[in-house]
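The following note sets out points for a colleague to check against the coordinates. Please read it alongside the model.

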Amino acid sequence: MGKERENSAGSGLTRRHALECMVWAGTGVLWTVSGGIPKSLSLLDAAEAAEASQGGMTFLQISDSHVGFDKEKEVTAVDTLTEAIGKVRALPVKPTFMIHTGDITHLSKDGEFDDAARIIGTTRLDVAYVPGEHDLIDPGQGKAYLARHGKGTLGAGWHSFDRGGVHFIGLVNVVDLKAGGLGNLGAEQLAWLKNDLEGRSASTPIVVFAHIPLWAVYPKWGWGTDDAAQALMLLKRFGSVTVLNGHIHQIVQKVEGNMTFHTARSTAFPQPRPGTAEKPGPMIVPADQLRSMLGLTSVDFTIGKERLAVTDTTLA
Amino acid sequence: MCAIRPSPVLTALAAAFVIFLSEPIGPALAKEMRVTISNFTFEPQTTTIARGETVRFVNSDDMVHTIVAADGSFRSDALDTGDSFAATFTKPGSFTYFCGLHPFMKGTIVVK
């Protein structure tokens, strides 16, 4: 998707019109950008989805498809991604586009990238990608990823674009990782981000997406980003910031001031809740349980029908 | 500090030592220590070897891992289940390595 720009004039978005409505079911996360009171809806509920779409734009987040992973008992990551994409294709209201928050592949092999592109491509939706660490372990350390998804991006694949009045920023926090460290954005990317945000109106809704969570979910397992605080400081002045991540293969979220943080499920395999296992390895579970842990079943997980909770917490 | 096998130079060096020491089989230079990756952990955490010895990292986990030297001197390809990577250490010292995918996984090679 790269640097594609769309004119947002006339969208009527204000800082009150944030990402106020969210849904988790099956395929990933359906986000709706609209004004008014947030609603929880099922991905498969045509009437509600249609209602939501009237308010503005919807986009879909998928994550951690790990094409090439084949350790689950009865299905491969290709199978479950295919199922997930099948649900996307069956949506009664087509999302405007998708984001993929990384770990498209398991081993960065050409065939894995090809399979992912073929399956995801059947949606005929634009997809904005950021890489996960599993996408950069080809011998060229990221060349395979950039050859496919690097167009219009900088560095290891970071980029921004405007869509539906929202400014989207795809960050890469999976390169130059240090022994014992967490995710890493790096000075060059932070300088780019500062420049990208400069002069932008504080009323512009911002969506930041990156693979590893940009807040400390569970540092002991590497579930955080060392220099994320510097990025969040740059974003602090904006009235609505939504941070979407993957990596941990489960839903965790928090609200802090004007910032909403959310992680998506994987389409491939679940990982344990923080601290409930010795290590964060793949959970190999019976096939009938697996789908519910990948979110392939419709899940009634919502913030509620009230407004997003706003808590008076600073970043300091 | 380290060379990744197979290296023509090392192989030649090893051959030279074999001849020089007149050892029939299993020359000391070819000794290989093993580090196993299991449940996101390197076992043993610290491996002590003599100069010129080789460490083979064997991934017996159901997750892919990589071996990366903290000083950047070596880096393995992706090691899926059952794959291994060997590094030969020629200089004394203490060398930290980690998994490039899961950097909380660390280990140390001490070369005497």
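1. The model is predicted, so to speak of local features pLDDT of at least 70 is needed, side-chain atom pairs count only at pLDDT 80 or more, and totals for chains, interfaces and linings use all residues. Residues are numbered from 1 along each chain as its sequence is written, and chains are lettered from A and ligands numbered from 1 in the order in which they are written.

2. Chain A holds seven helices and 11 strands. Of its 316 residues, 48% count as buried; a residue is buried if 20 or more other C-beta atoms lie within 10 Å of its own, exposed if 12 or fewer, and partly exposed in between, with C-beta atoms placed from the backbone. In chain A, 70% of the contacts with a separation of 6 or more join residues 24 or more positions apart, a contact being two residues whose C-beta atoms, placed from the backbone, lie within 7 Å.

3. A:Asp64, in the loop between β3 (57-62) and α2 (77-89) of chain A, has a positive phi near 50 degrees. A:Asp64 is buried, with 32 other C-beta atoms within 10 Å.

4. A:Asp176, likewise not a glycine, has a positive phi of about 55 degrees. A:Asp176 lies in the loop between β7 (166-170) and α5 of chain A. Is A:Asp176 buried or exposed? A:Asp176 counts as exposed, with 12 C-beta neighbours inside 10 Å.

5. The axes of helix α5 (residues 187-197) and helix α6 (residues 228-235), both of chain A, come within 10 Å and cross at roughly 5 degrees. Axes are lines fitted to C-alpha atoms, for helices over the stretch in contact, and angles run from 0 to 180 degrees between N-to-C directions. α5(A) and α6(A) are therefore roughly parallel to each other (angles under 35 degrees; over 145 is roughly antiparallel, 65 to 115 roughly perpendicular, the rest oblique).

6. In this pair, A:Leu190, A:Leu193, A:Lys194 and A:Leu197 of α5(A) meet A:Gln230, A:Ala231 and A:Leu234 of α6(A). The residues of this contact divide into five nonpolar, one polar and one charged. Ala, Val, Leu, Ile, Met, Phe, Trp, Tyr, Cys and Pro count as nonpolar, Asp, Glu, Lys and Arg as charged, and the others, Gly among them, as polar.

7. Between the chains, the contact takes 21 residues from chain A and 19 residues from chain B. The chain B side comprises nine nonpolar, five polar and five charged residues.

Key
Helices (H or I, at least four residues) and strands (E, at least two) are DSSP runs, numbered from the N terminus.
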